[in-house]
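Here is a friendly note to read alongside the structure. Please keep the view open and follow the points one by one.

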Amino acid sequence: MALVAGLLLLCVAEVLSAQDTGISAGGRWMEYDSQDQMTLVKAARFELDADNSLPGSEATPKVILFCTGGKLNLADFRPNAMIAPPNRPGFWGQPQMEVTVRVDNSHSNHGWNWVNGHFLSMDKGTTREMLGAQVFKIEVATPQGPEIASFSPAGLDLARIKKGCDLTPKKP
């Protein structure tokens, strides 16, 4: 629990210190770079907006990758809509939601950490699968029933994500 809270605080600090203007990272991806003024550690945030909105949403869903010092810290799925409560406990007892993920022609179920009803923390394996995909869809539980967020991750400059997060694509 302390680890999740620490990562959440780190991500909030990163978001607040990041530049407001991003640059294209290829395809529909945007990259936001910053640097800690005390430690000079570089941080990068990669964002991918969904192709669709979810019912009752304030904005389109998005996937956000937070990286510090060239390593991935956190990968978030932000539905930007009300999601259902957690439906399973994680290994350490943290609340999780089981989601169904489609990466190109492969489907799988994952238990992602549920963070205060605002977003889900994705696993690194799914994140790597998404990087090399043409189609990426997430089925998430909402109070109205399951909803699907569709993403088009193709076109990402893989050299940028390797440099900023030390990530490479993986086939599902």
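This is a predicted model: local features need pLDDT of at least 70, side-chain atom pairs count only at pLDDT 80 or more; totals for chains, interfaces and linings use all residues.

**Notes for a first look**

1. Elsewhere, arginine 45 lies over the face of tyrosine 32, and here the distance to the ring centre is 4.2 Å.

2. Next, please turn to strand S10, residues 136-142. In a regular strand, side chains alternate between the two faces of the sheet. Along S10, Phe136, Ile138, Val140 and Thr142 point to one face and are buried.

3. What are the partners of S10? One is strand S7 (residues 95-103), which runs antiparallel to S10 and is joined to it by four bridges. Across this pairing, arginine 102 stands opposite lysine 137. Another is strand S11 (residues 145-151), also antiparallel, with seven bridges to S10. There, alanine 141 has proline 146 of S11 as its bridge partner. S10 and S11 form a hairpin, and two residues lie between them.

4. Now for the aromatic rings: the whole structure holds three aromatic pairs. Phenylalanine 91 and tryptophan 92 make an edge-to-face pair, with 5.0 Å between centres and 90° between planes. Are these two residues buried or exposed? Phenylalanine 91 has a relative accessible area of 73%, so it counts as exposed. Tryptophan 92 is exposed as well, with a relative accessibility of 73%.

5. Phenylalanine 136 and phenylalanine 151 form a tilted pair, 5.9 Å centre to centre with 50° between the planes. Because phenylalanine 136 lies in strand S10 and phenylalanine 151 in strand S11, the pair ties together parts that are 15 residues apart in sequence. Both phenylalanine 136 and phenylalanine 151 are buried. Ring pairs also bring in Phe77, giving a cluster of Phe77, Phe136 and Phe151.

6. Finally, how many disulfides does a search of the whole structure find? The search finds one. This disulfide is formed by cysteine 67 and cysteine 165, with their sulfur atoms 1.8 Å apart. The pair links distant parts of the chain, 98 residues apart: cysteine 67 is in strand S4 (residues 62-68) and cysteine 165 is in helix H3 (residues 158-165). The link is right-handed, with 90° about the S-S bond. Cysteine 67 has 0% relative accessibility, so it counts as buried. Cysteine 165 is buried too, with a relative accessible area of 1%.

Notes:
Residues are numbered from 1 along each chain as its sequence is written. Side-chain values use heavy atoms; hydrogens and water are left out. Buried means under 20% relative accessible area, exposed over 50%, partly exposed in between (1.4 Å probe, protein chains only). Two strands pair if DSSP finds at least two bridges between them. A disulfide is a pair of cysteine sulfur atoms within 2.5 Å. Rings of Phe, Tyr and Trp (its six-membered ring) pair if their centres lie within 6.5 Å; planes under 30 degrees apart count as stacked, over 60 as edge-to-face and the rest as tilted. A charge sits over a ring if NZ of Lys or CZ of Arg is within 6 Å of the ring centre and within 35 degrees of the ring normal.
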